[in-house]
Amino acid sequence: MLVHFVTDEPGKIPAIRAMLEPRYHVAARLLGTGEMQISDGVLMVDADLREAARVEQIKNVMLGLHSIAITEKLFVVQSHIQHMVAQAYALGATAVVRSSREIVFKLAEIEVAEKTTKADFVTASPEIAVGAAAFEAMFAAIRNGKSINLSDAENATTQIVNGIAKNGLGGWLDDVRRYHEGTFQHCLLVTGVAVGFALDLGFTYPDVKRLGMAATLHDIGKARIPLSILDKAGRLDPVEEEIIKRHPVIGYELLKDLAGIRPEVLDGVRHHHEYLDGSGYPDALAAGKISDLVRLLTISDIFAALVERRPYKPPMAREDAYKVLCGMEGKLEGSLIRAFRKVALVA
Ligand SMILES: [Fe+2]
Ligand SMILES: [Fe+2]
């Protein structure tokens, strides 16, 4: 679960992170430092409500909320300024918490309520639920220093192929964006797009599965990247960028010795950020060295990343995302971009 922590004191940010991470993802922002786009998770505000300027800034944050997705707005009111409770509710709080202990309990309560809603969804869309559970198992294994079970990846891929075959890509994109966040959302979307692309191109079932497996595992190396970088709302600084760019090699290293791993899946994991003009990473491959499977995967990855719903950015419309791909001809293969048109806009 994502917690947006909004405060007027920089010193409170490390304290809240220490308390809530890694159980929750914390996206922390200082009041008055630019526009905030919050469209998912729980909002937690800890600021001095006696300050008129602070109150104005909080009002702006509340106005910018996408109220459908942000249902819980917690305000932290220190016990010595109890009379600010009314002010917090006037600003739109759904609950007021007074201590660290209360914060932890309240978040646990919200989490249980959310899981119950998700449980209802499991029966409505089992493919997404089972696919997501398989991603969770793989990422958890790696974060705990264990190796992944390839049958989890096979299972996720099969579920996604079935889900796309049943509901089409459009339904899949909408459902995944509604119920998942962060890296899992990204992996489910990329695999869905890649599978939709392969089906549209008339691939045989084994080939659809091969591309699907490469897509399922393409960002597995991100399991070793800190969440503070993966889920950072703003631009990454150069050091963070270097760290995140390691994920294809990390993923390759994690998978290369697994029994039964296919070479084309390893190729996809290591090379999905390569470009035909040689400007990609990690190996700056030239066009001739980039396989067809990788070319398809890279297009699917970029498109899925653009239409993703992030807490700080609404999803880009599919038409606009396709225009971005068209502007990348030279880095991506033109004939494949054109073949992708139907998948991007219609499927
Ligand atoms: Fe990636
Ligand atoms: Fe990716």
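Buried means under 20% relative accessible area, exposed means over 50%, and partly exposed is in between (1.4 Å probe, protein chains only). At 0% relative accessibility, Thr216 therefore counts as buried. This is a predicted model, where local features need pLDDT of at least 70, side-chain atom pairs count only at pLDDT 80 or more, and totals for chains, interfaces and linings use all residues. Residues are numbered from 1 along each chain as its sequence is written, chains are lettered from A and ligands numbered from 1 in the order in which they are written, and side-chain values use heavy atoms, with hydrogens and water left out.

**Confidence**
- The chain has a mean pLDDT (the predictor's confidence in each residue, from 0 to 100) of 87, and 92% of its residues reach 70 or more.
- Helices (H or I, at least four residues) are DSSP runs, numbered from the N terminus, and so are strands (E, at least two).

**The iron site**
- Four residues coordinate the iron ion (ligand 2) at 2.2 to 2.3 Å: His186 (NE2), His218 (NE2), Asp219 (OD) and Asp301 (OD). Donors are N, O and S atoms within 2.8 Å of the metal (3.2 Å for Na, K and Ca), and since water is not among the atoms, sites may look incomplete.
- His186 sits in helix H7 (residues 182–200), while Asp219 is in the loop between helix H8 (205–217) and helix H9 (227–230), 33 residues apart.
- His186 and Asp219 are both buried.

**Around Thr216**
- You'll find Thr216 in helix H8.
- Not counting residues up to four places away in sequence, Thr216 touches (heavy atoms within 4.5 Å) Phe135, Met138, Ala153, Ala156, Thr157 and Thr191.

**Nonpolar cores**
- The largest nonpolar core has 60 residues, and Leu217, Leu255, Leu325 and Phe340 touch the most other members. Such a core is a set of buried Ala, Val, Leu, Ile, Met, Phe, Trp, Tyr and Cys residues joined through side-chain atoms within 4.5 Å.
- Helix H6 gives the largest share of this core, 10 residues.
- Leaving aside neighbours within four places in sequence, Leu325 is in contact with Ile299, Ile302, Phe303, Leu332, Ile337 and Phe340.

**Aromatic pairs**
- The structure holds three aromatic pairs. Rings of Phe, Tyr and Trp (its six-membered ring) pair if their centres lie within 6.5 Å; planes under 30 degrees apart count as stacked, over 60 as edge-to-face and the rest as tilted.
- One of them is Phe139 with Phe184, an edge-to-face pair at 5.4 Å centre to centre, with 80° between the planes.
- Phe139 lies in helix H5 and Phe184 in helix H7, so this pair ties together parts 45 residues apart in sequence.
- Phe303 and Phe340 have ring centres 5.1 Å apart and planes at 80°, so they are edge-to-face too.
- Phe303 in helix H13 and Phe340 in helix H15 are 37 residues apart, and both are buried.

**A loop to look at**
- A cis peptide bond joins Tyr281 and Pro282, with omega about 10°.
- Pro282 is in the loop between H12 and H13.
- Ala284 is in the loop between H12 and H13, and has a positive phi of about 45° although it is not a glycine.
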